[in-house]
Each structure stands twice: as C-alpha cells, then as structure tokens.
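Here is a short report on a protein model. Look over the sequence and the structure first, then read on.

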There are 2 protein chains.
Amino acid sequence: MVFDPTRDRLILFANESFYAAIRAGDMTAMDELWASDAPVACIHPGWPILVGRDDVIASWRTILQSPPGVQQRDARVVPIEEGMALVVCRELIGDTILAATNVFLRERGDWRLVHHQAGPTSARRRRPRAAPRVVH
Amino acid sequence: MVFDPTRDRLILFANESFYAAIRAGDMTAMDELWASDAPVACIHPGWPILVGRDDVIASWRTILQSPPGVQQRDARVVPIEEGMALVVCRELIGDTILAATNVFLRERGDWRLVHHQAGPTSARRRRPRAAPRVVH
C-alpha cells in the first residue's frame with residue numbers, strides 16, 4: 001500500500017458522512033453510502049447478522065426512525081488494498097461507548113460501505129486524541 | 001467478483017482454522033493466520049480497539065493463556081474483491097452467542113486475517129442452517 005493522505009482523508013470523510021447520516025436520520029444519504037455493486041453485510045449489536053443490501057438498508061430504515069445521537073471519535077484508517085480500507089473508531093451514544101468496524105470499498109470513484117459492525121469496548125481511552133489518524 | 005467456489009472454500013477453511021487455533025490455544029497457528037505485510041486490527045468485546053500486529057498478537061497471547069471453547073457457526077463469505085473477503089459468523093462460547101466479522105486478505109497465496117471483531121448478537125437463529133454458505 002502506497003501512503004496516500006488524500007485517499008485516506010476521503011475515507012475518513014465517508015466515515016464521518018455515515019455517522020452524520022445516522023444523526024440526521026437521512027435515509028437518502030445512508031442508501032447512497034452503501035455499495036450497490038459489491039455484496040454488503042452489517043452487524044448491529046443485539047441484531048441478527050444481516051447479509052445483503054435489502055436487509056441492511058431495511059435495518060437502517062428501522063433505526064433511523066428514531067435517529068440515535070451518535071458521534072464518532074478516534075477514527076483510524078487501516079489501508080488494506082488500493083480500493084478498499086477498514087476504518088476503526090469509537091461510537092459515543094450518550095454514556096455508551098461502542099467500538100466499530102467500517103469497511104469501505106471504492107465504487108466508481110466513491111468510497112462506499114460494504115460492512116459495519118459495532119459492539120462493546122472498554123470505556124477507557126488509551127491516549128488523548130486530537131484528530132483522526134491514518135495508520136501505516 | 002467472479003464466483004469461485006474453490007476460493008470461497010479456502011476462505012471458510014481459514015476462518016475455521018482461526019477458531020481451531022483459539023480452541024487449541026495454538027499461538028504458532030494464530031500468529032501465522034494474521035497478515036504480516038498488510039496492517040491489521042482487532043476488536044475484542046470489552047477491550048480497547050487494537051491496531052497494529054504487535055498489539056493484536058499480544059492480545060491473542062493473553063486470551064489463549066486460557067483458551068475459550070469457542071465454536072463458529074453459520075459462516076458466510078462476503079466476497080468483496082479478488083484478493084480480499086469478509087466472513088461473518090456466529091461464535092458459540094458456552095451459552096453466549098456472539099456475532100463476528102473476520103476480514104481476510106490473500107498474502108502470497110494464503111488467506112490471512114487483517115481484522116476481527118466480535119460482539120453481541122440476538123440469540124435467535126434466523127433459519128435452520130446445515131452447512132457454511134457463500135453469499136453471491
């Protein structure tokens with residue numbers, strides 16, 4: 001993997017757009033954020049494992065009926081391949097902190113989600129953090 | 001993505017090898033299962049987010065000191081790119097059922113982990129299942 005700060009900023013922007021869509025309850029944005037050519041999957045805490053675009057989008061339609069006030073923190077890009085990357089981050093929902101995996105694929109120039117999982121993490125922060133980082 | 005049953009069987013085999021290594025407390029196998037060229041990350045339930053091979057391998061060294069009797073069920077391949085795939089599956093640990101994301105990358109011919117996250121899922125099964133499936 002060649003270090004490409006522009007690429008990684010675009011991935012972090014897509015990641016933040018995902019959480020902005022959740023906060024806004026914006027199903028149009030959410031739908032556009034998910035890959036349409038590649039297969040997708042999603043694991044919400046306490047839900048069955050969802051595989052396939054129809055089930056994944058339907059789950060977000062349910063969740064966004066009462067948009068959770070989620071904020072993402074400490075997002076880090078783990079650049080696996082040229083057109084694909086993981087982002088790991090924390091999700092803050094009230095007093096709850098979750099850890100999330102978001103997998104992005106570049107489809108026709110846009111970074112789009114192919115997978116999301118959120119689950120419990122330790123509450124403690126490992127270090128003070130100011131800005132998103134790229135891991136290389 | 002071209003449908004390639006041989007490829008997908010190899011990915012499911014790597015996925016089962018990962019859980020076999022956990023059950024056996026086999027750190028040599030676990031170390032070999034993780035990518036060594038690509039960056040890696042891991043999210044264990046209740047742990048901080050781990051990024052980087054040293055932290056990930058150290059976490060498994062801690063966990064495998066008392067190997068959990070984990071079984072994987074209902075593994076499904078979500079084939080994202082030619083040399084990279086997600087597997088989603090359930091993890092059965094005693095009476096606990098977790099949902100897991102395992103991200104595999106082909107490195108020098110072998111399918112190796114670049115990411116693992118496990119977290120709570122619903123206990124109910126969506127449908128009876130007999131064998132691992134490939135999603136296309």
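## A buried phenylalanine

Phe104(B) sits in strand E5 (residues 96-107) of chain B. Strands (E, at least two residues) and helices (H or I, at least four) are DSSP runs, numbered from the N terminus. Phe104(B) counts as buried because 26 other C-beta atoms lie within 10 Å. The cut-offs are 20 or more such atoms within 10 Å for buried, 12 or fewer for exposed, and partly exposed in between, with C-beta atoms placed from the backbone.

This is a predicted model: local features need pLDDT of at least 70, side-chain atom pairs count only at pLDDT 80 or more, and totals for chains, interfaces and linings use all residues. Residues are numbered from 1 along each chain as its sequence is written, while chains are lettered from A and ligands numbered from 1 in the order in which they are written.

## Its neighbours

Leaving out residues up to four places away in sequence, Phe104(B) touches several residues, among them Ile11(B), Met84(B) and Trp111(B). Contact requires C-beta atoms, placed from the backbone, within 7 Å.

Ile11(B) is one of the buried residues of H1(B). Helix H1 of chain B covers residues 5-24. Just after H1(B), Gly25(B) has a positive phi of about 60 degrees.

Met84(B) lies in E4(B) and is the bridge partner of Glu81(B). E3(B) and E4(B) make a hairpin, with 2 residues between them. Their pairing is antiparallel, over 8 bridges; DSSP must find at least two bridges for strands to pair.

## Where the chains meet

How many residues of chain A are in contact with chain B? The count is 32, against 32 residues of chain B.

Methods. Two residues are in contact if their C-beta atoms, placed from the backbone, lie within 7 Å. The expected span of a helix is 1.5 Å times one less than its number of residues.
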